Amino acid sequence: MARERKNRATQQQQTFKYVLNKIINTAFYLLLIFSIAFLIYIIESSALLKPNISWKIDGELKSQPYEYDELINPLVNNKYLLNLSKIKSRLEEHPWIAKVEIERIFWNKIRVSLKRHDIAMRFKPGGYISSQGVLFNPNLTIKSDKPIGIVSETEVKQFYFDFITYQSILEPLQITLFERTSIDKLTLNNNIKVILGFQEQNYRLGLFVKSFDKLKKYKKIRTRGIFDMRYPNGFALSYSPL
């Protein structure tokens, strides 16, 4: 009998320990779940995961570039991880943007560096040519006194670099219109026209500079002269109508 009572007491003690351990384990897991849930709530409620974008435009830091903010706003709603590739692609669609670089600083804190197109020439029938020889069209009219270029869209890059070469030869005269069809034709800021043809343009332009320097004392020539430089031993001179 004594042994039975002892065994019963031992069983009761083991049962109590089992129940107590189970209660402690359950309480621990509940506390852990509550802690995780509370931590998530704190993070969700804080600005820790809020997307933070710093802008650098043409080398200068900008605090509120509203135009570009609005452009990528649909892509920055995911507070857990911004898709930099999609943001970059969206910004590159903007007609004024020439180059985009994006750097993730920490989590959803990113730095966006933009290089915008500048206007080096006006393009006809519409648009502009940048100083990189890139044709772009911002779908709006901008007041500009830059030279006008007329050329096929497929030839813009080489056309612009030829314009730079011609302008360097002509200094201090300024090109106001450069037209390239089957031949190259220039109009200068004093309304002088120079026909270069389709070959040896640099040589012919150099010859024009030397000839004009000798003839510019004549008002009719320096205001209405048309120099056709396509002749092997010189040029033909005519005049624009009054």
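Residues are classed here as nonpolar (Ala, Val, Leu, Ile, Met, Phe, Trp, Tyr, Cys and Pro), charged (Asp, Glu, Lys and Arg) or polar (the others, Gly among them). The structure is a predicted model, in which local features need pLDDT of at least 70 and side-chain atom pairs count only at pLDDT 80 or more, while totals for chains, interfaces and linings use all residues. Residues are numbered from 1 along each chain as its sequence is written, and side-chain values use heavy atoms, with hydrogens and water left out.

The protein chain contains six helices and 13 strands, taken as DSSP runs numbered from the N terminus (helices: H or I, at least four residues; strands: E, at least two). Of its 242 residues, 30% are buried; buried denotes under 20% relative accessible area, exposed over 50%, and partly exposed the range in between (1.4 Å probe, protein chains only). The accessible surface of the chain is about 16,500 Å², and carbon and sulfur atoms hold 57% of this surface. Areas were computed by the Shrake-Rupley method with a 1.4 Å probe, and for residues only the protein chains shown count as cover. Among contacts (heavy atoms within 4.5 Å) with a separation of 6 or more, 40% join residues 24 or more positions apart.

The largest nonpolar core comprises 25 residues, of which Leu186, Leu188, Val194 and Phe208 touch the most other members. Such a core is a set of buried Ala, Val, Leu, Ile, Met, Phe, Trp, Tyr and Cys residues joined through side-chain atoms within 4.5 Å. At least two residues of this core come from each of β5 (121–124), α4 (156–170), β9 (175–180), β10 (184–188), β11 (193–197), α5 (201–215) and β12 (225–231). Helix α4 gives the most, with six residues. Another core, of 15 residues, lies apart from this one and includes Tyr68, Leu84, Val100 and Ile102.

Beyond its neighbours within four places in sequence, Leu188 is in contact with Leu170, Leu173, Gln174, Ile175, Thr176, Val194 and Phe208. Thr187, in strand β10, is buried at a relative accessible area of 11%. With neighbours within four places left aside, Thr187 contacts Gln174, Ile175, Thr176, Leu177, Ile192 and Lys193. Ile148 belongs to strand β8 (residues 148–150) and is also buried, with 16% relative accessibility. The C-alpha atoms of Ile148 and Thr176 are 6.1 Å apart, although 28 residues separate the two in sequence. Residues touched by Ile148, not counting those up to four places away, are Met121, Arg122, Lys124, Thr176, Leu177 and Phe178.

A distance of 8.9 Å separates the C-alpha atoms of Phe198 and Arg180, which are 18 residues apart along the chain.

Most residues other than glycine have a negative phi, and most peptide bonds are trans. The peptide bond from Lys124 to Pro125 is cis, with omega near 20°, and Pro125 lies in the loop between β5 and β6. A cis bond also joins Glu171 to Pro172, with omega near 10°; Pro172 is in the loop between α4 and β9. Asn191, not a glycine, has a positive phi of about 75°. This residue is in the loop between β10 and β11 and is partly exposed at 35% relative accessibility. Glu200, likewise not a glycine, has a positive phi of about 50°. Glu200 is placed in the loop between β11 and α5 and is exposed, with 53% relative accessibility.

The largest pocket holds about 170 Å³ of space. A pocket is an open set of points on a 1 Å grid over the protein atoms alone, where a 1.4 Å probe fits, with protein on both sides within 12 Å along at least five of seven lines; lining residues have an atom within 4 Å of a point. Grid points are joined across faces, edges and corners, and the volume is the space filled by probe spheres set on the points. The lining consists of Lys50, Pro51, Asn52, Ile53, Trp55, Asp69, Glu70, Ile72, Asn73 and Val76. Elements β1 (52–57) and α2 (66–72) each give two or more residues to this lining. By class, the lining has five nonpolar, two polar and three charged residues.
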